[in-house]
Amino acid sequence: MKLILEAAHQRAEQLDLSYSGAVLPDEAYELMQGLPKAVLLDVRSHAEWQFVGTVPGAVNIEWRSYPGMEPNPNFLAQLTHQVDPEAVLLVICRSGARSDQVARLAADNGYSEVYNVLEGFEGDRDGDGHRNSVGGWRWRGLPWVQG
């Protein structure tokens, strides 16, 4: 755990992050297994959870809703209701962009240990513009279920 957190903090410095750090999906999974206070927060939309899949045991709170990707006006209230500010918060989305926004928000609102999950659930696009073939939670073979 210590080496993962050290690497995450180094990434925070390299990427000039305003929160604790950034982890790769396999590192996030290892933290979930080894830290009792670790919580994986999936901020993708309901449509993504239903049609793409979810991580068992994750807390799911939409950051933006499909269609239109409108912001969830109740996001912060839902977060504080469902996740203890003392948790080690691991934030995941499709590719790492929305989770970065949420990590910043959580850190600004009392969450002291916040980590963005790089690559996200589906990873980056490949040369053909498809996801799930270059990085990401699913591509790395970590536990997930189809909605």
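**Figure 1. Pro67 sits in the loop between β4 and β5 (70-71) of this predicted model.** The peptide bond that joins Tyr66 to Pro67 is cis, with omega at about -5 degrees. The loop between β4 and β5 also holds Met69. Met69 is not a glycine, yet its phi is positive, at about 50 degrees.

**Figure 2. Trp63 and Phe75 form an edge-to-face aromatic pair.** A pair of aromatic rings is described by the distance of the centres and the angle of the planes. For Trp63 and Phe75 the centres are 5.0 Å apart, and the planes stand at 85 degrees to each other. Planes over 60 degrees apart count as edge-to-face. Trp63 belongs to the loop between β3 (59-60) and β4 (64-65), whereas Phe75 belongs to helix α4 (residues 75-82), so the pair ties together parts that are twelve residues apart in sequence. The count of aromatic pairs in the model comes to three.

**Figure 3. Helix α1 (residues 2-15) packs with helix α2 (residues 25-34).** The angle of packing is about 135 degrees, and the axes of α1 and α2 are 10 Å apart. That angle makes α1 oblique to α2. The crossing of the two helices, α1 and α2, is left-handed. On the α1 side the contact is made by Ile4, Leu5 and Arg11, and on the α2 side by Glu27, Glu30 and Leu31. Sorted by class, the contact of α1 with α2 has three nonpolar residues and three charged residues, with no polar residues.

**Figure 4. Residues 34-133 carry the UniProt feature "domain: Rhodanese".** The feature comes from an unreviewed UniProt entry.

Definitions and conventions. Residues are numbered from 1 along each chain as its sequence is written. This is a predicted model: local features need pLDDT of at least 70, side-chain atom pairs count only at pLDDT 80 or more; totals for chains, interfaces and linings use all residues. Side-chain values use heavy atoms; hydrogens and water are left out. Axes are lines fitted to C-alpha atoms, for helices over the stretch in contact, and angles run from 0 to 180 degrees between N-to-C directions. Helices (H or I, at least four residues) and strands (E, at least two) are DSSP runs, numbered from the N terminus. Angles under 35 degrees count as roughly parallel, over 145 as roughly antiparallel, 65 to 115 as roughly perpendicular and the rest as oblique. A crossing is left-handed if the near helix is turned anticlockwise from the far one by less than a right angle, and right-handed if clockwise. Contact means heavy atoms within 4.5 Å. Ala, Val, Leu, Ile, Met, Phe, Trp, Tyr, Cys and Pro count as nonpolar, Asp, Glu, Lys and Arg as charged, and the others, Gly among them, as polar. UniProt positions are given in the numbering used here, feature names are shortened, and annotations may be inferred rather than shown by experiment. Rings of Phe, Tyr and Trp (its six-membered ring) pair if their centres lie within 6.5 Å; planes under 30 degrees apart count as stacked, over 60 as edge-to-face and the rest as tilted.
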